[in-house]
Amino acid sequence: MADIALIMAAGQGTRMKSRTPKVLHQILDTPLVHYVISAAEKAGCARTLVVTGHQRELVEAVLPDGVEKVFQPERIGTANTVLVAEEALAGAEGKLVVLSGDVPLLQPETIAALLDACTGHAMVVLTAHADDPRGYGRVLRNEYGAISGIVEEKDATEEQRRITEVNTGVYCFELEGLFDRLRRIDNDNTQQEYYLTDIVGVCVDEGASVGSITVADASETMGVNSRVQLAEASRVMQRRINEAWMTAGVTMAAPELCWIAPDVTLAPDTTLLPMTVLAGATKIEGDCVIGPDTRIVSSCIGAGSVVDSSIVRFCEVGERCSIGPRAYLRPGCVLENDVKIGTSVELKATRVGAGAKIPHLSYIGDAQVGPDVNIGAGSITCNYDGQKKHETRIGAGAFIGSDTMLVAPVEIGAGAVTGAGSTITKDIPDGALAVERNEQTIIEEWTKRHRKETH
C-alpha cells in the first residue's frame, strides 16, 4: 500500500479578479500548485492526482511529469471534487491525503504527520487555532474532545462562530469506504454544494473513528484567495527560503530584498546583495557575489564569479567571471572561465572563450568568441539580415577595435586585429590587420560659412 495525494485545483478563484486560474498565480516565479505537489512528494506520497476544472487546459499544461490529471466537469463542492477521482483510484489501497492547490505554504513534515496520524482512523482532520477565525469552517467537538463535525462559517450559529479552532481544508482518509461515504453527503446548505467537511458527520454517524492533529504554525495553512493573501504568502515563503539558505552558509546583506525560487541551488559562501532575484532552476557555485539589482533565471554561475546589476537568462557562466554592471546575457550564452562582460554589453546565443573580454557597450549575438579575445567598445555583430541569423567566429587572441561592425557571416582569424571604426564584411586571416575606412576629408572654415548661412 502506498500513500496517495489528491490536490484540489478545479476552482476559478473569483476574488483574484484574474483571467488566470488561481492555482497558477505565482510565488517567487513558481505556480501555487507546484508548491503543493512538491510538498506531497517530499512527504512520501507515491502518487499525486490533481483535480482540474476551470480552464483545465491551462492548469494541466504546467503540471509536472508524473502527476495524474482528473477532470471535475461541474464545480458543485469539495466532496464532489474528491468523488470524481474514484475511477482513477480504483483498486488502490492505503491512505489518501487531500490538499488544496491554493495552500502553498504547507510543509512536507506536516503532511507526513497527518499520514502517520491516520493509522487506526477512518479520517484525520488538520486543524489550526486562529486569532481571527473569520472565513474558516469551525471545528466542533463533543464532551470527550473528539471531533463531532465541521460547520462552514456561512452555516454556523453565533456561538459556533466564536470557536477559534478552524478547519484547514487538509484531510487524510483511509481509502476503504471513502467513496461510499462521499455518496452519502447531500447539499442541504446555503451554498447548495456538497461539502467535504460533511464527511465528518457521516463517519460519526456510522461509528467510524475521526482523528485530528493541530498544526503548530497556522501560517502553513494560509489559503490564497486574493491578491493581498498572495502577497502575504509570498513574504512567508521568501523568509522561509532565505532563512534556510542563510543557515546553509549563504550571506544576504538584506534578506528581505532577495527573492529566491524554490528550485534554486546555492553553494556556501555565496553572497547575495539587495534586489537580487534568482528564478527557475538557477545554480550558483561558491564564493560568488550576486547583485545588487540582478536577475538570474535558470542559469549556472561558476565559482568565484561576480554578477553586478545585470540580467542573465538560461546561460552557463564559468568560474571567476565578471559580469556587469548593466549587462544582459540572453538565452543560449556560454561563458568559459575568467571571462569579463562589462558595462552595457548584450550577448545572445554566444560562446565566449576563457579569458576573453567584452568590456563595454557592445552587442555580440550568434557568435563564437575564442579565448583571450578583446572586443572594443561599441562593437557589434550584425547577425540578422531581416530573414535569417548568421554566425560570427572570432579566433583566439584576436583584437577587435572599438566601433567595429562585424557583418555576419564572417570569420576573424586567430590573433587578427580590426581597426577602430571598421565595417568588416570579409573573412580576416590569422594574424592579419583589417581596416575599412573612407579617406578623411577636411573642409577648411566650413563651420564659419555654415553658421552664416543658417543665422
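**Exercise 1. Is Lys17 buried or exposed, and at what relative accessibility?**

Solution. Start with the model. This is a predicted model, in which local features need pLDDT of at least 70, side-chain atom pairs count only at pLDDT 80 or more, and totals for chains, interfaces and linings use all residues. Residues are numbered from 1 along each chain as its sequence is written, and side-chain values use heavy atoms, with hydrogens and water left out.

Next, the classes. Buried means under 20% relative accessible area, exposed over 50%, and partly exposed in between (1.4 Å probe, protein chains only). Lys17 has 71% relative accessibility, so Lys17 counts as exposed.

Then the place. Lys17 is in the loop between β1 (4-9) and β2 (26-27). Strands here are DSSP runs of E with at least two residues; helices are runs of H or I with at least four, and both are numbered from the N terminus.

Last, the backbone. Phi of Lys17 is near 55 degrees, a positive value in a residue other than glycine. Most residues other than glycine have a negative phi.

**Exercise 2. Find where Asp269 lies, and give its phi and its accessibility class.**

Solution. Asp269 sits in the loop between β14 (265-266) and β15 (271-272). Its phi is near 70 degrees, a positive value in a residue other than glycine. At 52% relative accessibility, Asp269 counts as exposed.

**Exercise 3. Locate two cis peptide bonds.**

Solution. Take Gly291 and Pro292. A cis peptide bond joins them, with omega about 0 degrees. Pro292 is in the loop between β18 (289-290) and β19 (294-297).

Now go to Ala408. The peptide bond from Ala408 to Pro409 is cis, with omega near 0 degrees. Pro409 is in the loop between β37 (405-407) and β38 (410-412). For background, most peptide bonds are trans.

**Exercise 4. Describe the overall form of the protein.**

Solution. Count the elements: nine helices and 41 strands. The radius of gyration is 31 Å, well over the 23 Å that the globule rule gives for 455 residues, so the protein is more spread out than a compact globule. That radius is taken over C-alpha atoms, and the rule is 2.2 Å times the number of residues to the power 0.38.

Along its principal axes, the C-alpha trace covers about 105 × 55 × 40 Å. Buried residues make up 47% of the 455 residues.

**Exercise 5. Classify the aromatic pair.**

Solution. A search of the whole structure finds one aromatic pair. The ring centres of Tyr171 and Phe173 are 6.0 Å apart and their planes are at 35 degrees, so the pair is tilted. Check the cut-offs: rings of Phe, Tyr and Trp (its six-membered ring) pair if their centres lie within 6.5 Å; planes under 30 degrees apart are stacked, over 60 edge-to-face, and the rest tilted. Both Tyr171 and Phe173 are buried.

**Exercise 6. Find charges that sit over rings.**

Solution. The test: NZ of Lys or CZ of Arg is within 6 Å of the ring centre and within 35 degrees of the ring normal. The charged end of Arg56 sits over the ring of Phe71, 4.0 Å from its centre. The charged end of Lys389 sits over the ring of Tyr384, 5.3 Å from its centre.
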